Amino acid sequence: MKELTGGSRERALEYRWALPSVLLGDGGEQRPVRRSTRDWLVDIAIFLMTCAITYLTLPELEGEPRPLVVVEQVIGALSCVAVWLRRRWPVGLALVSGALSSYLVMVGGVTVAAMFTVAVHRPFKISGPIALFGMVTLVPFALLRRHTPIDSAEEVMLGVAILATVFAWGIVVRARRQLIFSLRQRAVDAAEEAKRMERERIAREMHDVLAHRLSMLSLHAGALEFRPDAPAPEVARAAGAIRSNAHLALQDLREVIGVLRHSGSGGDDQVPDRPQPTLADLPTLVEESRQAGMDVRLDLRAADVPAALARNLYRIVQEALTNARKHAGGAPVWVGVHGERGKGLTVEVRNPLEFRYGLRIPGAGAGLIGLTERAELAGGRLEHGTTPEGEFLVRAWLPWPLETSREDDA
């Protein structure tokens with residue numbers, strides 16, 4: 001997988017270019033094919049083999065009329081040269097050589113090479129009829145060029161056996177190439193999907209952390225603006241909170257950018273994850289909101305929550321408090337967490353639909369969407385909306401199985 005992460009898409013495209021067009025389902029013969037060093041060696045070997053087969057058929061021309069011998073030699077030489085075109089026009093070469101082999105002797109080697117090429121580079125719906133056509137052309141050759149019925153029958157059976165073997169060999173080579181390409185493409189797609197999911201995870205983490213910090217900054221700044229005549233100790237405390245949250249926001253941003261730079265540089269080392277929150281950090285989160293001037297009440301009735309479940313719970317509460325600061329500044333917020341193993345864990349965050357002080361903080365509307373995705377990925381569900389009592393409610397249920405892994409309980 002590592003060799004597919006850096007420039008993997010480009011290598012896959014190069015590999016795709018090197019494969020025959022019809023092997024990839026294009027169906028056309030117009031695309032030029034780039035020969036690799038291995039392709040050149042194979043082409044040279046097939047050319048030499050074809051020339052050798054053509055040369056070995058010379059004794060069969062003894063006793064034939066001189067004009068026919070000349071035609072055989074000229075067409076045989078030209079057909080050997082035409083083998084170099086087998087990658088570009090395999091179907092045309094197979095049809096022409098098959099038609100000529102219905103009477104001429106020295107085209108047999110080229111017909112075999114063309115049959116193999118068609119089987120490798122074209123799907124069965126094209127190569128199958130061409131193979132059948134090549135076998136049918138053995139009949140007129142045996143009848144016209146052989147003098148006894150026994151020779152004719154032996155010629156036809158031998159030719160059919162040779163063509164069938166070569167055709168089956170080509171089908172096997174084609175299937176192997178398709179398998180290799182599909183595995184490489186699957187690996188490339190898996191690497192791209194892993195990178196995309198990692199980017200989404202980092203983006204979600206950035207949103208969860210920075211939105212919380214920046215909303216705290218806005219809340220403190222709004223309180224200072226709302227009360228310009230506040231006592232000096234309160235102003236100093238608000239300014240200290242702004243400075244502290246700004247420092248924490250910059251630190252979080254620096255860590256996220258560091259992860260992005262590392263992943264973009266193509267390094268192979270594993271990037272350590274940022275320290276993840278647990279259930280024990282939830283009272284600290286609520287206390288930070290209280291220090292920012294929010295009226296938050298926490299009802300926590302759960303213990304020994306697995307780490308993964310506690311992390312999702314923490315992020316849901318964090319985003320819900322951020323939304324409350326954005327859209328209901330100064331309104332009291334109630335946070336309730338309860339659940340047990342085997343029954344699941346439920347978290348509710350309620351706040352009145354009113355805005356008491358400060359400026360409304362604009363949002364992109366992605367917070368609740370991200371929370372819904374987070375809950376669904378964890379196997380749970382999340383709902384949000386206005387209650388008949390005029391409150392905004394965020395309720396999430398997350399599964400808490402009876403048995404969890406050691407990593408979840410760590």
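1. A residue is called buried at under 20% relative accessible area, exposed at over 50%, and partly exposed in between, with a 1.4 Å probe and protein chains only. By this criterion, 40% of the 410 residues of the protein count as buried. The model is predicted: local features need pLDDT of at least 70, side-chain atom pairs count only at pLDDT 80 or more, and totals for chains, interfaces and linings use all residues. Residues are numbered from 1 along each chain as its sequence is written, and side-chain values use heavy atoms, with hydrogens and water left out.

2. On confidence: pLDDT is the predictor's confidence in each residue, on a scale from 0 to 100. Its mean over the protein is 76, and 75% of the residues reach 70 or more. Residues 1-32 have a pLDDT below 50, and this stretch has 57 contacts in the model beyond near neighbours in sequence, where contact means heavy atoms within 4.5 Å. Residues 267-272 also have a pLDDT below 50, with five contacts beyond near neighbours in sequence. Where pLDDT is low, the predicted coordinates should not be read in detail.

3. On overall organisation: the secondary structure comprises 13 helices and five strands. These are DSSP runs numbered from the N terminus, helices being H or I of at least four residues and strands E of at least two. Among contacts between residues at least 6 apart in sequence, 74% join residues at least 24 apart.

4. On the pair α4 and α5: the axes of helix α4 (residues 90-100) and α5 come within 9 Å and cross at roughly 150°. Axes are lines fitted to C-alpha atoms, for helices over the stretch in contact, and angles run from 0 to 180 degrees between N-to-C directions. The crossing of α4 and α5 is left-handed, that is, the near helix is turned anticlockwise from the far one by less than a right angle (right-handed if clockwise). Pro 90, Val 91, Leu 93, Ala 94, Ser 97 and Gly 98 of α4 meet Val 110, Thr 111, Ala 114, Thr 117 and Val 118 of α5. By class, this contact has seven nonpolar, four polar and no charged residues. Ala, Val, Leu, Ile, Met, Phe, Trp, Tyr, Cys and Pro count as nonpolar, Asp, Glu, Lys and Arg as charged, and the others, Gly among them, as polar.

5. On the pair α5 and α6: the axes of helix α5 (residues 108-121) and helix α6 (residues 124-136) come within 9 Å and cross at roughly 165°. The two helices are therefore roughly antiparallel to each other; angles over 145 degrees count as roughly antiparallel, under 35 as roughly parallel, 65 to 115 as roughly perpendicular and the rest as oblique. The crossing of α5 and α6 is left-handed. Met 115, Val 118 and Ala 119 of α5 make the contact with Ser 127, Ile 130, Ala 131 and Gly 134 of α6. Five nonpolar, two polar and no charged residues take part.

6. On Thr 50: this residue belongs to helix α2 (residues 37-56) and is buried, with a relative accessible area of 0%. Apart from neighbours within four places in sequence, Thr 50 contacts Cys 80, Val 83, Gly 109, Val 110 and Ala 113.

7. Asp 304 lies in the loop between β1 (296-301) and α11 (307-327) and is exposed, at 66%. The phi of Asp 304 is near 55°, a positive value in a residue other than glycine.
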